Amino acid sequence: MIAIYGLIISIYGIFLILPQQLYNNYLSNKVEHIRKLTILLYVFYFLYLCKFLYMYNIQYGDIYYFDGLCKINIRVIYIELTLLIICLLIFITCNMGAKSEIYLIYICNMIGYTFLLNSNDMLLIFVSWELFNYTLYLLTNIYTHKQNLISSGIKYFLLSSFTTTLFGAGICYLYGITGSINLSNIYIFICYTLNNPMYVYTTYHLYACFVLIFIGLLFKIAISPFHNWAPQLYDALPTNITIYMITIPKTVVLSFICLNISYIYYNIYYVILFVSILSIIVGCFSLGHVWKIKRFLAYSSIAHVGFILPILPDINLYMYYIYIYLILTLNIFFIIYAISPNISYISSINGLYQNNFVLYLCLSFTMFSLAGIPPLAGFYAKYFAIYSYLSHYSYLLTIVAIIGSMVSAGYYISIIYNISLKKNYVYPRYHIKISNISSYVISILSTINIFFILFHDTLFYILYIIFYI
Amino acid sequence: MLYPLYLYPIFSILCIIFCTRTYKQVLFISLTFSIYSLIHVYILMLLFDHSIYNLYQFNTNNILGIDGISLWFIWLVNMLMPIVILSSVKLNHSKTFIILLLSIGFWCNSVFIILDLLGFYISFEGVLIPMYLFINLYGTRNRKVSASYNFILYTICGSLLLFVTIIYLYLLVGSTNHSVLYTYSYTGNIIYYLWLCFFICLMIKIPMIPFHIWLPEAHVESPTAGSVLLAGILLKLGSYGFIRYCISLFGVCSLYFTPLIYTISIIGIIYSLFACLSLWDIKKIIAYSSIAHMNLAILALFTNDIIGIVGGIYFNISHGLISSGLFLLIGVLYDRYHTRTILYFGGFVSIMPIFTLIFTLFTLGNIAFPGSSGFISEFLTFIGIFKDNIFIGLFSCLSIILSPIFSLWILHKICYGNFSNYIPKLYNDLTVKEFNLLFPLILYFIFFGFFPNIILSFIQPCALLCIY
């Protein structure tokens, strides 16, 4: 696997280094060519991963270890396939602009999260975490034409590197306690010592180091005490990078927590509860004070992560929620991107009803879905989340989630009001035309959203088979 | 037997989307399918066996099924659908208008058919989206923004409580199926809270007094078809929920909370009838009067007496006929003069004699004149209430005095007296289409005023279950 990555990257790098004059003879547009090549690469990798699905031994949830460093598991493969599909959708729908290096960064990022999800060794986890982070820093700082962008990018870089040191400290601490960097050995150690009256101090030390690790991880998904970077950064970035930043890192980190360290979850459940309640409150109540559409979606994503975080130990419920979240978020962002790549204010999509009726219906149904109105997809996500809270007897969280979704429903519906009735002064009244590919993507995602009631149980059953058994 | 009731609206929506070009074709297809579905309901009535105490007939996989109560509610929905579609003939709206109407009908059918609590919740809420878009896109004034906003927010906030309750019940019982929920014996204090959650969600839909603001607003701002659907069907979802879940499932709590319900409904009746006396907008007046009548019906449902409960259910059906007719009549006036303020109207008997006749009939129905179905329902209701509590009965009797006052006042102001100076004196009576819309409603409410046993024989065996 590693050899294949190396080969791909080196070929790709050589291709990038070639001077511009050489291209002009064969191809008129270098960036467009590289985009197509990247899509092809992702498709090949997708097919390569699909090969694993047919391996008899990997099914039924067995875990395979390579040298103790890497493991491979049917769950990880499905999560990686999901991530690849999201990346492909983003690359197909959004044109990434003039910089061709950005695709190399995306590929490096892909390698980073692949190793993060596959690794069974704390050191490898840390190294791949760093690779994952560096590429995200590069991604956020590659465009420097706005002062807002530079400041938020630097802020993200500094804060993220600080929390990464905490993550590293947590790993060192864990090594100090357990004497091992192998996840399997650590798991055995923890099973033996945690809540064992003979090892009271060790238990406390373990709590401390897992809190340190969780700080490093939760920073990346913009959970509430560490959320301040997110709205500013998402707002300042170009829309195509925002789509990547709002979907991929969240999915990766949540899946990593879910797969590797969710066994510690119920021991530090109060920390998780505190964090998720805080982020539901922050996410839902800040929606009303926002004028910019990407900031709005950033707060909405903070609230959603608050909803997801307590259900992480139930892997099939978590996957169910994250699929719906990804569908809705991608749909909204693709619609916004299709209207105009440079959109920033909510008022600039006012009166979409007059401009493009079908696009208006898609956007309003997605907003209804985020508000959690029943026949749509968002309702089922909320249903299973609250089902999980109640089955773990966390009533406070349930109450907060209900109040939060009441409040946020009002703000989501106010967006529908804006796009249906208000007058638009930014764009005059003309028919918005969108490209073929984005119209296909938007219509597929909207169809899934609207007719979710027809296959919600099928999806649940499939996820149960894949992830739970 | 019950699946076609789901399939007719879906077929018609698909046909409208893919096979039609002109608005005439759209109307033809939607009317045809809605009339098919009405005929289907009549066939169900013929096959329905109301002599035995066999609940939930036409049971398919324990998911779909109807008893006598829901049969008549389904009849109400399917009877109103062709009328509503026909009432929007002249407006030349787009396909979306008809599709939204049909999807409202779809979810309303689904509420009464389904035997699953979660399914009930989903279809109960599914009405929200088409209705919101309906008010938002086809409303007449700028006030529609706050009206639709109020409508959707009140309902969401209430129904999220119901949502938690459903999940809690699922964790407690292990199923959300109707028949399984009935067999479980609920104990402990928690059921009182569960009942309260149910009650708050459903009382918003009725609407009862602290949460009634959305209804007059939504009525006033939505087009005629929307207000007919609101008054005729959507308010009945709440009382159906009361009959099915609050009263039958948690009988103890209903008995425990009866004073609360009595107080709220009495306040609602008196307050809304006084509000009727002080308003100028006819639609708003009818909306407030429908709040009063629905509250009276709820009062009867919680009397824990067979006559009262049957009267309450009968009240719902009769109110669905009469108030939707009144809203159609107001729609007729609005189409002609583009105003709903009473001050501009007067002396219409000289230019609209048939309108005056029909308006008088419906007003008499609204004030429960003997011979209309309103009389039967109020008669049964008051018997039930007086049997349970004379004091409450005396208070609720105020509605017998107050509702004629405002109804006759409106009738007099619009139809009789001096002719209004603001309106051209041209003969402008009901067209054939409008008469045909209103004729079935008149027929039904007078017919059921003389032969109430047709409905009561269906309702009575099922209503026995509601007694604790």
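In this predicted model, the side chain of T366(A) reaches the backbone oxygen of C362(A) at a distance of 2.6 Å. T366(A) lies in helix 16 of chain A. The relative accessible area of T366(A) is 0%. The cut-off for a buried residue is under 20%, so T366(A) counts as buried. Beyond its neighbours within four places in sequence, T366(A) is in contact with L328(A), N331(A), I332(A) and N449(A).

Helix 16 also figures in the pairing of the two chains, as set out below. Across the interface, 33 residues of chain A are in contact with 27 residues of chain B. The two chains bury about 2700 Å² between them. Carbon and sulfur atoms account for 86% of that area. No salt bridges were found between chain A and chain B. Polar contact between the chains comes to one residue pair, with both residues at pLDDT 80 or more.

On the side of chain A that touches chain B, the elements giving two or more residues are helix 16 (357-371), helix 17 (377-391) and helix 18 (395-421) of chain A. Helix 18 of chain A gives the most, with 14 residues. By class, this side of chain A has 26 nonpolar residues, six polar residues and one charged residue.

Note on methods. Residues are numbered from 1 along each chain as its sequence is written. Chains are lettered from A and ligands numbered from 1 in the order in which they are written. This is a predicted model: local features need pLDDT of at least 70, side-chain atom pairs count only at pLDDT 80 or more; totals for chains, interfaces and linings use all residues. Side-chain values use heavy atoms; hydrogens and water are left out. Contact means heavy atoms within 4.5 Å. Buried area is the accessible area (1.4 Å probe) that two parts lose on being put together, summed over both. A salt bridge is a side-chain nitrogen of Lys or Arg within 4 Å of a carboxyl oxygen of Asp or Glu. A polar contact is a pair of N or O atoms within 3.5 Å; within protein, one must be able to donate a hydrogen and the other to accept it, and residues adjacent in sequence count only if both atoms are side-chain atoms. Helices (H or I, at least four residues) and strands (E, at least two) are DSSP runs, numbered from the N terminus. Ala, Val, Leu, Ile, Met, Phe, Trp, Tyr, Cys and Pro count as nonpolar, Asp, Glu, Lys and Arg as charged, and the others, Gly among them, as polar. Buried means under 20% relative accessible area, exposed over 50%, partly exposed in between (1.4 Å probe, protein chains only).
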